[in-house]
Amino acid sequence: MSDVRSAARPHIRVVAPGELTEAEAGTWRALRATSGTPANPFMEPEFTAAVGEVRRGARIAVVRDGRSGEPVGFFPYEKGPLGRGRAIGFGVSDCQGGVFRPGLGLSARELLKSCALSAWEFDNLEAGQGLFVPAAAEELESPVIDVGEGYEAYEAALRVRSPKFFRTTTAKERRLARQAGEVRFVFDERDPAALRTLMEWKSAQYRRTGRRDRFAKEWISTLVRRLAATRTPACSGVLSVLYVADRPVAAHFGLRSRTVLSCWFPAYEPEFAKYSPGLILHLRMAEAAAGAGIALLDLGRGAAEYKDALKTGGLRVYEGAAVRPGARAALHRLSREPSRRAHSFVRNRPALARYAQRTLNRVGGLRDR
């Protein structure tokens, strides 16, 4: 689509995701495999390809060595009005950044110029993204569950670290079986009806808690359905469902690679809330994931009591924007920075954050009346 060249500098060609060749996708995967970072499926070409099918502004900057012409980097992004760029799948992608060969000799400013971007915004930038971390406005934690030594080791540590939580959750699972019927868990459910149920629960949860319903956006619901049908080693959709008497009571949809399960959309049937089916589901997921060779469950950034109880540690992610000097960059700051600062102010004050959430819950309750 566009080609930018200079004598000894990397060559950058911007393409739509559908124009990426299989050879280029293979190089992308190889660069990721040797990066030393967790194999998060959001950083694989399959995720970018799926976004490209539902977002017209999706692009990839393919960086080639200035001498050999071999591909040495890939930068997926979405381009909006006035050259404003965002991470691919911004708003739902839980791991963001470029995939580059070490020592590339390329600056963020050069890359943005080649992509005709005045700014590139991110909210889940992966740690180690040397081009963009200096532009971050905030560093955040993405809690994780490490089951690399097996589920038994994780459970033993959980019993020591959070004994009351573990006893209470397992007791609720036994009570659920006694009072409602046989409890059954499926790690990789392929029934489309179960996915529809999960999306309905999640939409209701968003409304109930006063948050924007992501599934009301057609591109997001279509993206999830497409990814649910994706089956590749580096990026596969995984729908996990907890059944009681063959009735779904909790479910989760996420993406997995060989070694990482990126947790994405969990929800449960409110009728069964007293049994904490979501917590039961997450423990079952951790056990099944470990059995499937997965070493890490990434719970995603954002504070939540269940994450604090389940996590074994956390990864660093970043929020902010890389910008090029100029009027459009100034316009970006004016339009985005006040909102970002306000969210950060509330997020960093737990008491205020709890008050804000209670207010959203009340608003959500009024909407449902």
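In this predicted model, the second largest pocket has a volume of about 360 Å³. Its lining comprises 20 residues, of which Gly-98, Phe-100, Arg-101, Pro-102 and Gly-128 are the closest to the pocket centre. Two secondary-structure elements, helix 1 (22-33) and strand 6 (99-100), each contribute at least two residues to this lining. By residue type, the lining of the second largest pocket divides into nine polar, eight nonpolar and three charged residues.

Elsewhere in the chain, attention falls on Pro-277, a residue of helix 8 (residues 277-291). With a relative accessible area of 1%, Pro-277 falls under the 20% limit and therefore counts as buried. When neighbours within four places in sequence are set aside, Pro-277 is in contact with Leu-242, Val-249, Ala-250, Tyr-268 and Phe-272. Pro-277 and Glu-173 are separated by 104 residues in sequence, yet their C-alpha atoms lie 7.7 Å apart in space.

Ser-276 belongs to the loop between strand 12 (260-268) and helix 8. The phi angle of Ser-276 is near 50 degrees, a positive value in a residue other than glycine. Ser-276 is buried, because its relative accessible area of 16% is under 20%.

A positive phi is also found at Leu-82, where the angle is near 60 degrees, again in a residue other than glycine. Leu-82 is located in the loop that joins strand 4 (71-79) to strand 5 (84-87). The relative accessibility of Leu-82 is 44%, so this residue is classed as partly exposed, a class that lies between the limits of 20% and 50%.

How values were computed:
Residues are numbered from 1 along each chain as its sequence is written. This is a predicted model: local features need pLDDT of at least 70, side-chain atom pairs count only at pLDDT 80 or more; totals for chains, interfaces and linings use all residues. Side-chain values use heavy atoms; hydrogens and water are left out. On a 1 Å grid over the protein atoms alone, a cavity is a set of points where a 1.4 Å probe fits but cannot get out, and a pocket is an open set with protein on both sides within 12 Å along at least five of seven lines; lining residues have an atom within 4 Å of a point. Grid points are joined across faces, edges and corners, and a volume is the space filled by probe spheres set on the points. Helices (H or I, at least four residues) and strands (E, at least two) are DSSP runs, numbered from the N terminus. Ala, Val, Leu, Ile, Met, Phe, Trp, Tyr, Cys and Pro count as nonpolar, Asp, Glu, Lys and Arg as charged, and the others, Gly among them, as polar. Buried means under 20% relative accessible area, exposed over 50%, partly exposed in between (1.4 Å probe, protein chains only). Contact means heavy atoms within 4.5 Å.
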